[in-house]
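Thanks for letting me look at this one.

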Amino acid sequence: MLMDAELLQFLQGLQTLHPLPRDPNDLAAFIQRYEAVSSALPGPPEPLRVNAGVFHLNVLASGEKTRLDARLYLPEGVPRPVLMAYFHGGGWVAGSLASHDALCRQLSSDLQVAIASVHVPLPVAHGFVQAAEQAQQVLITLGKAREKLGVNTERLLVGGDGSGAHLGLQAAWRLARQAPGSVDAVLALTPLVKPDFNTASYIRCANSLTFSRDDAVRSWHSLLGGRWEIWNERAVLLHGNQPIQRPPLVVIIAAEHDGAHDDAAALHDWLKEAGARCEFYGAPGMPHDFARLQHASKAARHLMLSGLDAFAVQAGLREPESAAAPA
């Protein structure tokens, strides 16, 4: 299983320009490098017809009121587009609205939907519990604000990559238990699922240029606050035996060269067993975070478009292409 040659060459050059920190546990250096690499990622060959603006959300979680930064992306020429709440990746500690600006613009353009990208920091005091509650409140708040935002008032999608996909799924599932049908569909790009670093994919991709095994350990360590004994159904996605009425559709796009690949496959199987609608799309030759790298490789862009087309059809954003007429 070889990585796409074009993408591998780009990543090797990127590593030369932005070397990995000497200490894999140097969190500040990791965050600094993440933002530097993000600014060096290539964009689309032509400007996208997407407008963007900054706004803020006030949410209440764990008894604390927090003002979250957000950006709204609106595709030009689409009256009242469907809204997708998007949670960025970065291992729960890195990543920002800026690091995922290009990806959100591309998603808005490709899917012809409005994207509300929201930055949910990992609170030190309450850890993943508060972050999950804040993400759920983001969905509730955005749902109430759809008329004001000028988007479709009947539908709500959720999206995210890596740790952001984990957060988005947690929020969607929590909300589905309280208000069935509130979320229509979830787009999970290379999601992180659970802190198990001994799967075949984590061993195979231990030295990944985009998300190594050390990166994974550091990410989960940050989420759990170093308390590995508390990782349970609140912190992982393979949980929730209680049946859910009208669970949202989940579309998983998993990369072949990703340590979290096997976890994504396990998540798909669990969702199907739980009675949820779930589709799994693999990305051969692709590493973790290839969604943000899609313009560095023709194959990466092709696979992203294929996955997004499938999501758009499954989520009812567009009709499937009709079969060719007989000759």
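Is Cys-205 buried or exposed?

1. Cys-205 counts as buried, because its relative accessibility is 6% (buried means under 20% relative accessible area, exposed over 50%, and partly exposed in between, with a 1.4 Å probe and protein chains only). Cys-104 is buried as well, with a relative accessibility of 0%.

2. Before going on, a word on the basis of these notes: the model is predicted, so local features need pLDDT of at least 70 and side-chain atom pairs count only at pLDDT 80 or more, while totals for chains, interfaces and linings use all residues. Residues are numbered from 1 along each chain as its sequence is written, and side-chain values use heavy atoms, with hydrogens and water left out.

3. How many disulfides does the structure hold? The number is zero, taking a disulfide as a pair of cysteine sulfur atoms within 2.5 Å. As a reminder, a disulfide is a covalent bond between the sulfur atoms of two cysteines.

4. Now to the charged side chains. The model has 10 salt bridges, each being a side-chain nitrogen of Lys or Arg within 4 Å of a carboxyl oxygen of Asp or Glu. One of them pairs Glu-147 with Arg-80, at 3.0 Å from N to O. Glu-147 belongs to helix α5 (residues 146–149) and Arg-80 to the loop between β2 (64–75) and β3 (83–87), so this pair ties together parts that are 67 residues apart in sequence. Glu-147 is exposed at 51% relative accessibility, whereas Arg-80 is partly exposed at 41%.

5. Please look next at helix α8 (residues 213–224), where Arg-218 and Asp-215 sit three residues apart, which means about one helical turn separates them. Their side chains form a salt bridge with an N to O distance of 2.4 Å. Both partners are buried: Arg-218 has a relative accessibility of 9%, and Asp-215 has 13%.

6. Arg-318 and Asp-309 make another salt bridge, with 2.7 Å between N and O. Here Arg-318 is partly exposed, at 30% relative accessible area, and Asp-309 is also partly exposed, at 36%.

7. Which residues do salt bridges with shared partners join into one network? They are Arg-71, Asp-101 and Arg-105.

Notes:
Helices (H or I, at least four residues) and strands (E, at least two) are DSSP runs, numbered from the N terminus.
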